[in-house]
Amino acid sequence: QKQLVESGGGLVQPGGSLRLVCAASGRTLTTYAVGWFRQAPGKEREFVAAISWNSSPTYVDSVKGRFAISRDNAKNTVYLQMNSLKPEDAAIYYCATRRFVATMTAHEYDIWGQGTQVTVSS
């Protein structure tokens, strides 16, 4: 069964860090791009970061310099390291996959996880 499971979310203070993990089963990620999207209450789902099959990363401007996406194909896992977190980063974070090259458009991804909650608050 194709499945993505996100983990690593939690509650942090502004300026803190979290590392999100996207673990895949039923699909070997070697030839796939993996994207991270987030959705806050009352807001639309938005692109955060993605990594292509060749490890080329893409980030939304608001997280550049703070977030870093990486992949470990041997573990069939993708990570999102989030540093210097801000209250506006709070959301449910989802990972998703598509073939080869990353895009910033959610509907172009075919397999999605259930999300992990990130809360940034004092």
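Colleague: Which residues form a nonpolar patch on the surface?

Modeller: W53, F100 and V101 do. Together they have about 290 Å² of accessible area. Keep in mind that this is a predicted model.

Colleague: Where is W53 found?

Modeller: W53 sits in the loop between β5 and β6 (57-59).

Colleague: Why does W53 count as partly exposed?

Modeller: Start with the cut-offs. Buried means under 20% relative accessible area, and exposed means over 50%. Partly exposed lies in between. W53 has 42% relative accessibility, so W53 counts as partly exposed.

Colleague: And V101: where is it, and why does it count as partly exposed?

Modeller: V101 lies in the loop between β9 and β10 (111-112). Its relative accessibility is 47%, so V101 also counts as partly exposed.

Colleague: Let us go inside. What do nonpolar side chains tend to do in soluble globular proteins?

Modeller: They tend to be buried together. Here, the largest nonpolar core has 28 residues. W36, L80, M82 and Y93 have the most contacts inside that core.

Colleague: Which strands each supply at least two residues of this core?

Modeller: β3 (18-25), β4 (32-39), β5 (46-51), β7 (67-72), β8 (77-82), β9 (91-99) and β11 (116-120). The largest share, four residues, comes from β3.

Colleague: Take L80. What does L80 touch, again not counting residues up to four places away in sequence?

Modeller: The contacts of L80 include W36 and Y93. Also among them are L18, R19, L20, V48, A49, F67, A68 and I69.

Colleague: Now the covalent links. How many disulfides does the structure hold?

Modeller: One. C22 and C95 form it, with their sulfur atoms 2.1 Å apart. The link is right-handed, with 70 degrees about the S-S bond.

Colleague: Which parts of the chain does the pair link?

Modeller: Distant ones. C22 is in strand β3 and C95 is in strand β9, 73 residues apart.

Colleague: Are C22 and C95 buried or exposed?

Modeller: Both C22 and C95 are buried.

Conventions: Residues are numbered from 1 along each chain as its sequence is written. This is a predicted model: local features need pLDDT of at least 70, side-chain atom pairs count only at pLDDT 80 or more; totals for chains, interfaces and linings use all residues. Side-chain values use heavy atoms; hydrogens and water are left out. A nonpolar core is a set of buried Ala, Val, Leu, Ile, Met, Phe, Trp, Tyr and Cys residues joined through side-chain atoms within 4.5 Å. Buried means under 20% relative accessible area, exposed over 50%, partly exposed in between (1.4 Å probe, protein chains only). Contact means heavy atoms within 4.5 Å. Patches are made of residues with over 30% relative accessible area and no salt bridge: like charges are joined within 9 Å, nonpolar side chains (Val, Leu, Ile, Met, Phe, Trp, Tyr) within 5 Å. Accessible areas come from the Shrake-Rupley method with a 1.4 Å probe; for residues, only the protein chains shown count as cover. A salt bridge is a side-chain nitrogen of Lys or Arg within 4 Å of a carboxyl oxygen of Asp or Glu. A disulfide is a pair of cysteine sulfur atoms within 2.5 Å.
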